[in-house]
Amino acid sequence: MTNSTASDQEPDFIEVGEAAGRRRIAVRARQGAAPGLIWLGGFKSDMKGTKALALDAWAAEQGRACVRFDYSGHGESGGTFVDGTIGRWLEESVAVFERFCRGPQIAIGSSMGGWMALLLARELAKRPENRASLAGLVLIAPAPDFTEQLMWNGFPPAVKQEIESKGVWLRPSEYGEPYPITRELIEEGRNHLLLGSAIDLGCPVRILQGAQDPDVPWQHAFALAQRLPTDDVVLTMIQDGDHRLSRPQDIARMIAAVAEIG
């Protein structure tokens, strides 16, 4: 681990998986005080995004521990994006948490990272011997179950047929190159659905959601909040907010949510 700034810090790498499924995961971790922070990025995002860097910079100013990493097929990590699944990326998230985190941690998850944070909490509950624990979650435009609820259920028949027959469909994206949506991503994602029952996390949760989000509708955040039985859940609706929530005022809200938890 290192205390260098985000701009000059080289990543560490860990190996996750077995045999042909083994991949090299890039991690940037700084030492510091607890509660530490762990960043869980979104679908097709990486640890050098605006929110991730802002979080790391705040952690440096506060002397707080902070961990960022790239899922396989993302950023500086190995593997290809088309091979990615929710279970694969969850395995990497758990491996990074267990290797780099110590003591209480706040998980900050953006979009798909919100789903990852929730799944990480569920996995950690099965492993009480861990040297680290979750003190709270900050979820930004969280997208639990998005492969089913926000993708498959909304795809027209022609797209579903292409995914089933060809194994992949290139989904246009306003953020850059088309996203390959694979049959494996959809089918494997069904093993990790959360919104069908209560999600008992046992820690505070803060949710930031943009009302103008074209990718994760605000109703999705409300559905998640209703599944969280803990009393300490706060959902903040940002009326003019989009999906990224990367404007200075959005970054300030994210940092405030983290600071409120601890």
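**Figure 1. How much of the chain is buried, and how is the fold laid out?** Of the 262 residues of the chain, 52% count as buried, where buried means under 20% relative accessible area, exposed means over 50%, and partly exposed lies in between (1.4 Å probe, protein chains only). This is a predicted model, in which local features need pLDDT of at least 70 and side-chain atom pairs count only at pLDDT 80 or more, while totals for chains, interfaces and linings use all residues. Residues are numbered from 1 along each chain as its sequence is written, and side-chain values use heavy atoms, leaving out hydrogens and water. You can find eight helices and ten strands in the chain; helices (H or I, at least four residues) and strands (E, at least two) are DSSP runs, numbered from the N terminus. With a radius of gyration of 17 Å, close to the 18 Å that the globule rule gives for 262 residues, the chain is as compact as a globular protein of that length. Here the radius of gyration is taken over C-alpha atoms, and the globule rule is 2.2 Å times the number of residues to the power 0.38. The C-alpha trace spans about 50 × 45 × 35 Å along its principal axes. Among the contacts in the chain with a separation of 6 or more, 75% come from residues 24 or more positions apart, a contact being heavy atoms within 4.5 Å.

**Figure 2. A close-up of E92 and the residues around it.** Look for E92 in helix 2, which covers residues 86-100. At 0% relative accessibility, E92 is buried. Its side chain meets that of R23 in a polar contact of 2.6 Å. A polar contact is a pair of N or O atoms within 3.5 Å; within protein, one must be able to donate a hydrogen and the other to accept it, and residues adjacent in sequence count only if both atoms are side-chain atoms. Not counting residues up to four places away in sequence, E92 touches V16, R23, I25, F69, Y71 and S72.

**Figure 3. The aromatic rings of F69 and Y71.** A search of the whole structure finds ten aromatic pairs. In the pair of F69 and Y71, the ring centres are 5.4 Å apart and the planes are at 90°, so the arrangement is edge-to-face. Rings of Phe, Tyr and Trp (its six-membered ring) pair if their centres lie within 6.5 Å, and planes under 30 degrees apart count as stacked, over 60 as edge-to-face and the rest as tilted. F69 is buried, at 3% relative accessible area, and Y71 is buried with a value of 3%. Both belong to one aromatic cluster formed by F43, F69, Y71, F81, W89, W115, F146 and Y179.

**Figure 4. Charges over rings.** K44 places its charged end over the ring of F81, 4.7 Å from the ring centre. R190 has its charged end over the ring of W152, 5.5 Å from the centre. A charge sits over a ring if NZ of Lys or CZ of Arg is within 6 Å of the ring centre and within 35 degrees of the ring normal.

Figure 5. Side chains of opposite charge can pair when their charged atoms come close. The structure holds 16 salt bridges, each a side-chain nitrogen of Lys or Arg within 4 Å of a carboxyl oxygen of Asp or Glu. In the one between R190 and E148, the closest N and O atoms are 2.8 Å apart. R190 lies in the loop between helix 6 (183-189) and strand 9 (205-210), and E148 lies in helix 4 (residues 146-151), so the pair ties together parts that are 42 residues apart in sequence. R190 is partly exposed, with a relative accessible area of 36%, whereas E148 is buried at 14%.

**Figure 6. Further salt bridges.** D250 and R253 form a salt bridge with their closest N and O atoms 3.1 Å apart. Both residues lie in helix 8 (residues 248-261), three residues apart, about one turn of the helix. D250 is buried, at 2% relative accessible area, while R253 is partly exposed at 32%. Elsewhere, E98, E123, K126 and R127 are linked in a network of salt bridges.
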